[in-house]
Amino acid sequence: MFFSVDNSQPADTGIAALRVTVDNAARTSPVYTRQVSVAWLGLLDALRTLAAPSAPTQASLSSRSQVSVERVYTMGADFGLGKTDVDGFLGEAHSYGLLLCLGTTVVLNPQWLVDSITAVVRDFELHVDRYDRKRSQLDRALSELRDTATLDMRLSEHIWPDHTAAEREDVVALMVRHNMLLPLSRETSETSQRYLVPALLPYCLPETSEAVGSAPSDADLEVSHFQYRGP
């Protein structure tokens, strides 16, 4: 089954057809008729409460992005669940996209993480973000990100304006852990750290006179690795 999708058009018919197909597939999935433990449902509701944006304190705002597996074990005990039961719950919830289990970390709102990552890893021509419009203030750092795939953490407050400082650190730590960001310096200050963004490297290859669609030569690829300004 193939869908021609143009995500630059808000009323694209391919996207509409894909949405209907996915919705129909979801409604016929066995997950809709599967019976699960009431305790699992209680734990899921408790985790969703943590992720709710109406949490009143700064600490709660930070905790809504992710929690440790150990904390989920503790919460599970309140519903009579042992560690094995919680592991089963986390595996199922992860497989259905209700949350993400990344090692010892549980991301409570998968879309929050996707939005955070795609604020950095994206096509800058197709997806214009809010901070792109502040060119007068961020010109050099933004140009580095676009032209050399180098993320200067002075951009962090503008890339993630709705995140707390703790949430920004969480996102960066997760991206580093999964090799979506590679540290370029050993600075300890959040605002002075710089990272290479491997997913943006294809957009930074030097232009050649070859026909559009042809693969870059080995020489082009080698040169591209040395054009990034290090610390």
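Guide: Let's start with contact, which here means heavy atoms within 4.5 Å. This is a predicted model, where local features need pLDDT of at least 70, side-chain atom pairs count only at pLDDT 80 or more, and totals for chains, interfaces and linings use all residues. Residues are numbered from 1 along each chain as its sequence is written, and side-chain values use heavy atoms, with hydrogens and water left out.

Visitor: Okay, which residues does Asp12 touch?

Guide: Leaving out residues up to four places away in sequence, Asp12 touches Ser4, Val5 and Asp6.

Visitor: And is Asp12 buried or exposed?

Guide: Buried means under 20% relative accessible area, exposed over 50%, and partly exposed in between (1.4 Å probe, protein chains only). Asp12 is buried, and its side chain reaches the backbone nitrogen of Gly14 at 3.2 Å.

Visitor: How do I read an aromatic pair?

Guide: You describe two aromatic rings by the distance of the centres and the angle of the planes. Rings of Phe, Tyr and Trp (its six-membered ring) pair if their centres lie within 6.5 Å; planes under 30 degrees apart are stacked, over 60 edge-to-face, and the rest tilted. That rule gives one aromatic pair here. Trp40 and Phe89 sit edge-to-face, at 6.0 Å centre to centre with 70 degrees between the planes. Both Trp40 and Phe89 are buried.

Visitor: What about Trp160, which residues does that one touch?

Guide: Not counting residues up to four places away in sequence, Trp160 touches Ser116, Ala119, Val120, Met153, Arg168, Val171 and Val172.

Key:
Lys and Arg count as positive and Asp and Glu as negative; His and the chain ends are not counted. A salt bridge is a side-chain nitrogen of Lys or Arg within 4 Å of a carboxyl oxygen of Asp or Glu. A polar contact is a pair of N or O atoms within 3.5 Å; within protein, one must be able to donate a hydrogen and the other to accept it, and residues adjacent in sequence count only if both atoms are side-chain atoms.
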